Amino acid sequence: MLEPSEQPSPIIVEEALRDLRNRTLARLDGDFAKLVYLASTRDYNTGRYVHDGLSFRFSEPIVERALAAAHREVFASLAVSPLRTFVAQVEQYIRSGCARPDELVTTWNSSEAYRVLAPAADHPLTVRLFMSNVKVALAIVKATLVEHQRSQDPQSSLQLPSPGR
Amino acid sequence: MIGILSLSAVALLLIGLLLFLLRRSEATLSSDLSPLGSDDELSNAYESFEACCGELLDRMFGPDDWDFVLNCAPKQVQRLFLSERKELARYWLCQVRIRAKTAMRIHVAHARNSDKLEPFLELRLAIDYLMVRAKCELVAAVLSLRGPMALRKMIKQADGLSDQLTALLALVSKADALPSHTRVRR
C-alpha cells in the first residue's frame with residue numbers, strides 16, 4: 001500500500017497503535033469482536049485501512065500501519081488459540097453483539113462472512129486453520145442453541161444460554 | 001490364451017492409468033509451483049514456513065482440540081471437526097511438497113548454470129529431498145487410512161518433516177548463495 005519513500009516512523013506507528021488499543025479496542029468485548037471491528041476498518045475494494053478517530057491525530061499512512069498491525073496481532077493470537085478458547089470467544093461475540101444469535105449463526109454459515117476477517121498477507125495455513133475453527137465454532141454454538149431451544153418453552157424466543165450452564 | 005491376453009490388457013490399462021495419474025499430479029504440482037520462482041521468493045517461503053509451522057502443527061494435530069470436541073460437541077460436529085482437520089492436513093502436506101519441489105527446481109536451475117558444483121552437497125541435497133518426499137507419502141498414507149487424529153501420534157514425524165524441509169531450504173539457500181552469474185534465468 002505504502003511507497004517505500006513514505007514509510008512512517010515506527011515510534012509514531014507504535015503511538016497510534018497504543019491509542020487504538022486504549023481508546024477503541026479496549027471497549028470491545030473479547031478478541032473476536034476486536035477482530036471483526038478491525039477487519040471492518042479495511043476497505044474491501046482497495047485493502048486500505050481507514051479510521052476517522054485516529055485520522056484526527058495521525059497521518060493516513062500511520063493510521064493504516066497501526067490498523068494493519070493491530071489486525072495481524074489479534075488475528076494471530078486468535079488463530080493459534082486452543083479451540084476451547086476460540087469457541088468461547090465466538091460465543092461471547094454472538095451473545096454480546098446480536099439479539100438473535102440463531103439468525104447470526106445461520107447467516108454466517110450460509111454467507112461465510114467470516115472469510116473477510118483474515119488480514120491480507122497472513123500465512124495461508126494460519127488463515128485456513130482460522131476458517132476451519134470458525135466453522136467448527138459455529139457448529140458448536142448452533143448445537144448449543146438447538147439444545148437450549150429444546151429445553152425451553154417452544155414458544156419463547158431463542159436466546160443463547162449463559163456461560164455458566 | 002484368451003485369459004492371458006485379457007490379463008495383459010488389464011495390466012496395460014492399469015499401467016496406463018497409473019502413468020496418467022502420475023503425470024496429472026505432476027502437472028497440478030507444476031501449476032501450483034508457478035508463483036514461486038526467484039531467490040527472494042524462495043527465501044520468503046523459507047522464512048514464513050519456518051516462522052509459523054511448529055505452533056500451527058501442534059494446534060492442528062495436538063490432542064487438546066480433539067479432546068474438547070469429543071467431550072463437548074455432538075457427533076455431527078465431531079465429524080465436521082475431523083473432516084476439517086483432514087483438509088488442513090492435506091493442505092499442509094501439499095504445501096510441504098510444493099516448497100520442497102520449488103527449492104529443488106530453483107537449485108537445479110542454479111546448478112545448471114554453475115561451473116563450481118560440489119558433489120557432496122548435491123548428493124546430500126538429493127537424499128534430503130527424497131527423504132522429505134518419502135515422509136510426505138508416509139504421512140499422507142496414515143492420513144488416508146486412519147484419519148487426522150492418527151497424526152497426533154505422528155506429530156514428531158510431522159514436525160520432523162517440517163524441520164527437514166526447513167533444513168533443505170536452508171541448504172538450497174546456502175548452496176545458491178553463489179556468484180551472481182549463477183542466477184536463475186527467467
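Reply: Gladly! Let's begin with a definition: two residues are in contact if their C-beta atoms, placed from the backbone, lie within 7 Å. With that rule, residues 24 or more positions apart account for 84% of the contacts in chain B with a separation of 6 or more. Keep in mind that this is a predicted model, where local features need pLDDT of at least 70, side-chain atom pairs count only at pLDDT 80 or more, and totals for chains, interfaces and linings use all residues. Residues are numbered from 1 along each chain as its sequence is written, while chains are lettered from A and ligands numbered from 1 in the order in which they are written.

Me: What makes the elements of chain B run α-α-α-α-α-α?

Reply: Helices (H or I, at least four residues) and strands (E, at least two) are DSSP runs, numbered from the N terminus. Chain B has 6 helices and 0 strands, and that gives the pattern α-α-α-α-α-α.

Me: Why does Arg59(B) count as buried?

Reply: A residue is buried if 20 or more other C-beta atoms lie within 10 Å of its own, exposed if 12 or fewer, and partly exposed in between; C-beta atoms are placed from the backbone. Arg59(B) has 20 C-beta neighbours inside 10 Å, so it counts as buried. It is found in helix 2 of chain B. Leaving aside neighbours within four places in sequence, Arg59(B) is in contact with Val80(A) and Leu129(A). Over the whole of chain B, buried residues make up 23% of the 186 residues.

Me: And why is Glu112(A) called partly exposed?

Reply: Glu112(A) has 13 other C-beta atoms within 10 Å, so it is partly exposed. You will find Glu112(A) in the loop between helix 6 (101–111) and helix 7 (124–151) of chain A. Its phi is near 50°, a positive value in a residue other than glycine.

Me: How do you know that helix 1 of chain A is close to its expected span?

Reply: The expected span of a helix is 1.5 Å times one less than its number of residues. Helix 1 of chain A (residues 10–24) has 15 residues, and its 20 Å from first C-alpha to last is close to the expected 21 Å.

Me: Which residues of helix 1 of chain A are buried, and how do you know that they are on the same side?

Reply: The buried ones are Val13(A), Ala16(A), Leu17(A) and Leu20(A). Their arc around the axis (taken from the directions from the helix axis to the C-beta atoms) is only 100°, which puts them on the same side of helix 1 of chain A. The buried residues of helix 1 of chain A pack against helix 3 (52–57) and helix 4 (60–79) of chain A. On the face turned away from that buried side are the exposed residues Ile11(A), Arg18(A), Asn22(A) and Arg23(A).

Me: What does Ala16(A) touch?

Reply: Leaving aside neighbours within four places in sequence, Ala16(A) is in contact with Leu54(A), Phe58(A), Ile62(A), Val63(A) and Ala66(A).

Me: How many residues does each chain give to the contact between chain A and chain B?

Reply: Chain B gives 20 residues and chain A gives 15. On the side of chain B that touches chain A, helix 4 of chain B gives the most, with 8 residues.
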